[in-house]
Amino acid sequence: MPLTMPPQQHTREGQERRLGVELELSGITLPQLVSLVADTLGGESRPVSEYEFNIPTSLGDFRAELDFDYLKQLARAQRRHPPGELEQAATDLLGSLARQLVPLELVCPPLPLSRLDLLNRLFERLREYGAHGTRHALYYAFGLHLNPELPDTDMETLLRYFRAYLCLHDWLEQHEDIVTARKLSPYIRAFPKDYVRLVLNSGYRPDMAGFTADYLAWNPTRNRAMDLLPLLAWHDEQKVQAVVQDDKVNKRPTLHYRLPNSDIDNPVWSLRHAWAGWLQVERLASDEPRLAGACRAYLNHLEQLTPDFMDPWSLKVRPWLR
């Protein structure tokens, strides 16, 4: 069944919007993951190294890899310059240990929104073959990342979507039922409340350069549940890298929504769950009067002395859901 579409389905240029998906998992081997992607979507495996593969398909290029940058870089170097016997043994030992501790990552190409449901069959097959998600072990902190292309990359559009996300963050956390390991991890930290107050203030109307400077001053890190660094780097990579100095920031005209769990071994879970949460951001961002009301209400909430656990915003925000 096709996924429900957001109010704004096309970019300013009239093209259907696209969305990239990244899934972390374990329980199957990297060759199994590669074969399942190729078999399900009609692709062809092309190894980059022992730890990463490209899989071209009619939908675009998928990538499957062990989520360990050092090992991937080492394996690429050794593919160009074959190591000695001792060095190869050390690399194999490191790889063997990493396979026990580090998740696999499946990176999907940007897909038109109307074709996202094609991923559900792939996710079903991963589950059938024994893939594990973040709830399989207490120390797993596996995520499902969505990279939605915006209708426009201008400041007005970015600010609408960002404000909608900030208003809905607490509800989204509840919707996702984030596992403890992910809550304790640094990867999906919430934005500082004083920064939230700055952005939600109706008088905050920065240009892109001013917004980028404010964002980097408060958030010089990828570790946010909503990571704006790829989009800001797409506008001005030099400015972003001058502050964060992180080669994992890949510039692209998309948001990087990192909050959802990877729950791939749950038979009632699918991409539809995370998409349903994200749709609330889309709907609020597309209704400016309703968004302005939500911003005012959240700012008032943040000024209250009542602790949030007694009067949670995650419940108070529900009148703005659709």
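**Helix geometry, salt bridges and pockets in a predicted model**

Helix 2 contains twelve residues, which at 1.5 Å a residue should span 16 Å, and the distance of 17 Å between its end C-alpha atoms agrees with this value. The expected span is defined as 1.5 Å times one less than the number of residues in the helix. Helices (DSSP runs of H or I, at least four residues) and strands (runs of E, at least two) are numbered from the N terminus. The structure is a predicted model, in which local features need pLDDT of at least 70 and side-chain atom pairs count only at pLDDT 80 or more, while totals for chains, interfaces and linings use all residues. Residues are numbered from 1 along each chain as its sequence is written, and side-chain values use heavy atoms, with hydrogens and water left out.

In helix 2, the buried residues are Leu71, Lys72, Ala75 and Gln78. Viewed down the axis of helix 2, these buried residues fall within an arc of 130 degrees, so they line one face of the helix. The arc is taken from the directions that lead from the helix axis to the C-beta atoms. An α-helix has 3.6 residues a turn, so residues three or four places apart point the same way.

Salt bridges were examined next. A salt bridge is counted where a side-chain nitrogen of Lys or Arg lies within 4 Å of a carboxyl oxygen of Asp or Glu. Side chains of opposite charge can pair when their charged atoms come close. The structure holds 16 salt bridges. In one of them, arginine 12 pairs with aspartate 152, with 3.4 Å between the closest N and O atoms. Arginine 12 belongs to the segment before strand 1 (18-25) and aspartate 152 to the loop between strand 7 (144-148) and helix 5 (155-176), so this pair ties together parts that are 140 residues apart in sequence. Arginine 12 is exposed at 62% relative accessibility, whereas aspartate 152 is buried at 13%.

A salt bridge also joins arginine 46 to glutamate 44, with an N to O distance of 3.8 Å. Both residues are partly exposed, arginine 46 at 47% and glutamate 44 at 46%. Arginine 197 and glutamate 303 form a further salt bridge, at 3.1 Å from N to O. Here arginine 197 lies in helix 7 (residues 193-200) and glutamate 303 in helix 11 (residues 288-303), so that distant parts of the chain, 106 residues apart, are linked. Arginine 197 is partly exposed, with 25% relative accessible area, and glutamate 303 is exposed, with 53%. Salt bridges with shared partners also join Arg12, Glu13 and Asp152 into one network.

Pockets were located on a 1 Å grid over the protein atoms alone; a pocket is an open set of points with protein on both sides within 12 Å along at least five of seven lines, and its lining residues have an atom within 4 Å of a point. Grid points are joined across faces, edges and corners, and a volume is the space filled by probe spheres set on the points. The largest pocket holds about 1200 Å³ of space. Of the 50 residues in its lining, Glu22, Asp67, Glu105, Arg222 and Lys248 lie nearest the centre. Elements that each supply at least two lining residues include strand 1, strand 3 (52-57), strand 4 (60-66) and helix 2 (69-80). The lining of the largest pocket comprises 20 nonpolar, ten polar and 20 charged residues. In this classification, Ala, Val, Leu, Ile, Met, Phe, Trp, Tyr, Cys and Pro are nonpolar, Asp, Glu, Lys and Arg are charged, and the others, Gly among them, are polar.

The second largest pocket holds about 240 Å³ of space. It is lined by 13 residues, of which Arg163, Arg205, Leu291, Ala292 and Cys295 are the closest to its centre. Helix 5 and helix 11 are the elements that give two or more residues to this lining, and helix 11 gives the most, with six.

Positive phi angles were found at two residues that are not glycine. Aspartate 177 has a phi of about 50 degrees, lies in the loop between helix 5 and helix 6 (180-184) and is partly exposed at 48%. Glutamine 245 has a phi of about 45 degrees, lies in the loop between helix 9 (229-244) and strand 9 (256-257) and is exposed at 65%.

Key: Buried < 20%, exposed > 50% of the residue type's maximum accessible area, 1.4 Å probe, protein only. 1 Å grid on protein atoms, 1.4 Å probe; cavity = no way out; pocket = protein on both sides within 12 Å on 5 of 7 lines; lining within 4 Å.
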